[in-house]
Amino acid sequence: MSALGILGTGSYLPTREVSDKEVAEWCGITAEWIEERTEIRTRRYAAPDEATSDLAARAAARALQAAGLTAGQLDYLIVSTSTGDSPQPPTACLVQDAIGASGAACFDINVVCSGFVYGLELAHRLLAGRTDGYAMVIGADVYSRILNYADHRSAILLGDGAGAAVIGPVSAGYGLLGSELSSLGQAHHLIRIDAGGSRMPTTAQTVAEGGHYFRMDGRGVRDFVMDNVPPVLERLLRNHGVTAGEVGHFVPHQPNGVLLRRLVERAQMAQARTHRTLERYGNVSSASVPVTLDDGRRSGAFRDGDLVLLAGLGIPKPTLG
């Protein structure tokens, strides 16, 4: 029986490039301060007429082209986003309509920065046992619309983008080996948007008070990642009989360059090639992992038989393949 793996990847980054200098002026800090603490130099912001589904559809089209498939062949279309076009309908349905995937069952998931690897595991399970099924997994976010530049520690990090992967049958001995999904609900306060939901519905007051902006406890997230992600990575490798030394490529979420360096050291992943796109694109939330994976694929970094470890950070959820 065929295994299941990634047949093709694609990504789309908006054309507007926003430098540290621009962000620094809005935040009342310096470009040097941003680069020293994040290693980010530029990020992309969506155009006024671009929404999350637009970015996702462009990334999906490129992934389909790389996989040699048509949208009509997709059985499932999964979009990971925390900045959908609107609360309803699912952004996945808008992407379905845009690319012509009329036969696909569509749904959204929201696990923020870890959503793409969640989507891979869902696709893997939905297609298990089939030899003729295909799924599209997309990570897409437009964070530039919900940034508060008075909160410079979070505003300097985030950008917009989308990445996609097509999942389907591959030759035995290849493909996705497995994943390790975990959550820690006690840490829900570290990353949040307070208003706009059923607990704090939108009112003139919530808008005036900035309740719809993205909020993050940067130090809390850093400590959470360093304490929780390395053990999950270790458990994933152990469960599949793999040592850290056998991993050829490490493709993590791209939160902050300094944090990534510390994570690589703590997780004992220094022997692997760590793929980074944050210098150019910043943190694009759900899109970080697929954008970085596609960047590696297009650069020719991956070779037949390479072992690749994907990791969503913030809440740890790695995938091995």
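Helix 1 passes helix 2 in a right-handed crossing. This is a predicted model, so treat every value below as computed from its atoms. The two helices pack at an angle of about 110°, with their axes 8 Å apart. That makes helix 1 roughly perpendicular to helix 2, because angles from 65 to 115 degrees count as roughly perpendicular.

**Helix 1 and its surroundings**

- In the contact between the two helices, Asp20, Lys21, Val23 and Ala24 of helix 1 meet Ala31, Ile34 and Glu35 of helix 2.
- Sorted by type, the residues of this contact are four nonpolar, no polar and three charged.
- Which residues of helix 1 are buried? Helix 1 spans residues 20-27, and its buried residues are Asp20, Val23, Ala24 and Cys27.
- After helix 1 comes Gly28, with a positive phi near 75°.

**Helix 3 with helix 4**

- The axes of helix 3 (residues 52-67) and helix 4 (residues 91-99) come within 9 Å and cross at roughly 55°.
- Helix 3 and helix 4 are therefore oblique to each other, and their crossing is right-handed.
- From helix 3, the residues Thr52, Ser53, Ala56, Ala57, Ala60 and Leu64 take part, meeting Thr91, Leu94, Val95, Ala98 and Ile99 of helix 4.
- The residues of this contact divide into eight nonpolar, three polar and no charged.
- Look also at the loop between strand 4 (76-80) and helix 4, where Pro89 has its place. A cis peptide bond joins Gln88 and Pro89, with omega about -5°.

**Helix 8 with helix 9**

- Helix 8 (residues 218-239) packs against helix 9 (residues 257-266) at an angle of about 25°, and their axes are 10 Å apart.
- That angle makes helix 8 roughly parallel to helix 9, since angles under 35 degrees count as roughly parallel.
- The crossing of helix 8 and helix 9 is right-handed.
- Arg222, Val225, Met226, Asp227, Val229 and Pro230 in helix 8 touch Leu259, Arg262, Leu263 and Arg266 in helix 9.
- This contact has six nonpolar residues, no polar ones and four charged ones.

**Helix 11 and Val291**

- How many of the eleven residues of helix 11 are buried? The number is nine, so helix 11 is mostly covered.
- The buried residues are Ser288, Val289, Pro290, Val291, Thr292, Leu293, Asp294, Asp295 and Gly296.
- Val291 belongs to helix 11 (residues 288-298) and counts as buried, because its relative accessibility is 0%.
- Beyond its neighbours within four places in sequence, Val291 is in contact with Ser11, Leu13, Ala162, Gly163, Thr277 and Tyr281.
- Val291 and Asp304 are 13 residues apart in sequence, and their C-alpha atoms are 20 Å apart in space.
- Gly300 follows helix 11 and has a positive phi, near 80°.

- Find Cys113 in the loop between strand 5 (105-109) and helix 5 (115-127).
- Is Cys113 buried or exposed? Cys113 counts as buried, because its relative accessibility is 12% and the cut-off for buried is under 20%.
- Setting aside its neighbours within four places in sequence, Cys113 is in contact with His253, Asn283, Ser285, Ser286, Gly312 and Leu313.
- Ser285 is found in the loop between helix 10 (278-281) and helix 11. Its phi is near 50°, a positive value in a residue other than glycine.
- Ser285 is buried, with a relative accessible area of 1%.
- Gln268 lies in the loop between helix 9 and strand 12 (273-274). Phi of Gln268 is near 60°, again a positive value in a residue other than glycine.
- Gln268 counts as exposed, because its relative accessibility is 61% and exposed means over 50%.

How values were computed
Residues numbered from 1 in each chain as written. Predicted model: local features only at pLDDT ≥ 70, side-chain atom pairs only at ≥ 80, totals over all residues. Heavy atoms only, no water. Buried < 20%, exposed > 50% of the residue type's maximum accessible area, 1.4 Å probe, protein only. Helix = DSSP H or I, 4+ residues; strand = E, 2+ residues; numbered from the N terminus. Axes fitted to C-alpha atoms, helices over the stretch in contact; angles between N-to-C directions. Parallel < 35°, antiparallel > 145°, perpendicular 65-115°, else oblique. Left-handed = near helix turned anticlockwise from the far one by under 90°. Contact = heavy atoms within 4.5 Å. Nonpolar A, V, L, I, M, F, W, Y, C, P; charged D, E, K, R; others polar.
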